[in-house]
Amino acid sequence: MTTPPSPPSSTGVERTDGSSVRIGALVPLTRPGWIEAGQHLLAGLELAVREVNDGGGIAGRPLDLVVRDTAADPRRAAAAVDELARLGVAAVAGEYHSVVARAAAARADALGLPFLCSSAVLDALTEQPTRWVARLSPPQSRGWQVYADFLLGAGHSRIAVATQSSVYWAAGTRILRDHLAPRGGAVIELDMSALDATAVCEELVGNRATALLLLVGHPEPAVSIVKSVRRDQRIAEIMIGAPAGQPEFAEWATSLGTDSAAIPFLRYLPERLTPLGVRVETALREQLAAAPSFVAFEGYDTVAVLADLLRSNGADRARTAESWPRVAVEGTRGQIRFSRVPGISVWQWTGTPIQVVDRDPAEPDRLRILHVG
């Protein structure tokens with residue numbers, strides 16, 4: 001299958017005459033990438049770029065977004081970073097998939113190119129501490145520990161995880177086990193390379209699990225697992241969860257109908273958006289013709305931070321990288337500041353809000369806040 005070409009910049013042309021300041025954007029826009037997440041991320045990035053330009057750009061120069069589709073492919077992302085560096089972008093932004101973002105971060109670090117990661121959460125985004133990379137989304141260890149606390153608070157101590165081979169899923173399983181074991185919880189791994197959806201039900205019965213977490217790809221095998229479990233009366237009371245956030249997007253509800261509800265997941269929004277966030281939410285809703293996900297807000301905040309840095313430093317990559325610890329930007333979800341966090345190799349926003357939410361069975365388009373971290 002021929003991969004569709006990457007979209008051009010948000011202004012419709014990639015300028016090479018030096019008249020604009022350019023930011024590279026990495027987003028998954030084709031399969032096997034999570035296309036809907038990519039669309040929301042891009043919507044937030046593009047909205048913020050338009051607003052920067054409506055406000056006079058970067059010291060009078062327009063801000064251009066040079067978009068590259070990663071298609072959830074780490075090698076493609078690394079190649080895109082190389083290309084963007086050659087094109088002279090001031091920084092790279094975006095990416096949703098953690099394993100892909102890790103490849104992009106490693107390449108940006110090697111090239112000396114600032115990279116602000118919007119959405120990926122894998123703790124080890126780079127192998128060694130780097131001054132070139134910063135991140136808005138919370139590290140996986142923090143978010144998934146919040147989710148583990150939610151499970152314990154809801155009375156779940158025997159938790160099965162349906163998992164596939166991936167650095168991201170393996171890290172999630174380890175975080176859950178390390179956090180739950182000292183608190184009396186047990187994690188039972190179900191290897192989806194050896195099981196089908198029907199066999200998952202047998203394992204749940206045999207292991208007396210009260211919760212099943214989907215640490216697998218979407219739509220498959222996640223959708224098949226949910227349908228199979230929901231129809232097995234022996235495990236009618238089991239809680240299905242998706243900490244990685246699969247139910248956040250409309251595609252989930254479309255695929256599963258009424259089975260899409262009551263599946264708790266993580267999202268990175270506060271109980272109340274900032275005044276900026278309220279305004280941005282309205283604009284994103286119009287742009288997407290749907291409720292914006294937290295990923296769209298991450299995209300907007302990414303450009304808000306980079307625009308602030310570019311106004312101070314111009315397109316000087318080294319000065320931008322040196323300025324991460326001096327960032328103080330009012331975003332859609334709170335004030336954004338970066339600091340060094342033990343065990344995290346990149347500059348990290350530590351104030352990212354974290355919620356556990358689900359879709360209301362009585363009204364699947366409505367999200368219920370179940371727990372706040």
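**Chatting through the fold**

Student: Starting with His40: buried or exposed?

Tutor: His40 is buried, at 6% relative accessible area. Buried means under 20% relative accessible area, exposed means over 50%, and partly exposed covers what is in between, using a 1.4 Å probe and protein chains only. This is a predicted model, where local features need pLDDT of at least 70, side-chain atom pairs count only at pLDDT 80 or more, and totals for chains, interfaces and linings use all residues. Residues are numbered from 1 along each chain as its sequence is written, and side-chain values use heavy atoms, with hydrogens and water left out.

Student: Which helix does His40 lie in?

Tutor: His40 is part of helix 1, residues 35–54. Helices (H or I, at least four residues) and strands (E, at least two) are DSSP runs, numbered from the N terminus.

Student: What does the His40 side chain make a polar contact with?

Tutor: With the side chain of Ser293, at 3.1 Å. A polar contact here is a pair of N or O atoms within 3.5 Å; within protein, one must be able to donate a hydrogen and the other to accept it, and residues adjacent in sequence count only if both atoms are side-chain atoms. Leaving aside neighbours within four places in sequence, His40 is also in contact with residues including Phe249, Leu288 and Val295. Contact means heavy atoms within 4.5 Å.

Student: And which strands does helix 1 lie across?

Tutor: Helix 1 lies across strand 1 (21–27), strand 2 and strand 3 (91–94), running at about 165 degrees to strand 2. For such angles, axes are lines fitted to C-alpha atoms, for helices over the stretch in contact, and the angles run from 0 to 180 degrees between N-to-C directions. Helix 2 (residues 74–87) lies across strand 1, strand 2 and strand 3 as well, at about 150 degrees to strand 2.

Student: What's the strand order in the sheet of seven?

Tutor: The order is 2-1-3-4-5-14-13, an open sheet with mixed pairing. Its edge strands, each pairing on one side only, are strand 2 (63–69) and strand 13 (338–339). Two strands pair if DSSP finds at least two bridges between them. For instance, strand 5 (residues 133–135) and strand 14 (residues 347–349) run parallel and are joined by two bridges, with Arg135 opposite Gln348.

Student: Back to helix 2. At what angle does it pack with helix 3?

Tutor: About 35 degrees, with the axes of helix 2 and helix 3 (residues 98–111) 8 Å apart. The crossing is right-handed. A crossing is right-handed if the near helix is turned clockwise from the far one by less than a right angle, and left-handed if anticlockwise. Residues making the contact include Ala78 and Val81 of helix 2, and Val100 and Ala104 of helix 3.

Student: New topic: how many residues are in the largest nonpolar core?

Tutor: The largest nonpolar core has 98 residues, and Leu63, Trp144, Leu213, Val305, Trp324 and Phe338 have the most contacts inside it. Helix 10 (residues 294–313) gives the most to this core, with 12 residues. A separate core of 25 residues includes Val216, Ala222, Ile238 and Trp252. A nonpolar core is a set of buried Ala, Val, Leu, Ile, Met, Phe, Trp, Tyr and Cys residues joined through side-chain atoms within 4.5 Å.

Student: What's the order in the sheet of four strands?

Tutor: That open sheet runs 7-6-8-9, with parallel pairing. Strand 7 (186–191) and strand 9 each have a single partner strand, so one side of each is left without a neighbour in the sheet. Neighbouring strands are turned by 25 degrees against each other on average, direction ignored. Six bridges join strand 6 to strand 7, and Val161 stands opposite Glu189.

Student: Which strands does helix 7 lie across?

Tutor: Strand 6, strand 8 and strand 9, at about 165 degrees to strand 8. In helix 7 (residues 222–230), the buried residues include Ala222, Ile225 and Val229.

Student: Last one: how many residues does the hairpin between strand 15 and strand 16 go through?

Tutor: Two residues. Strand 15 (residues 355–360) and strand 16 (residues 363–372) run antiparallel and share six bridges, and Asp360 has Glu363 as its bridge partner. Phe150, in helix 4 (residues 140–153), touches Val356, Leu370 and His371, among others.
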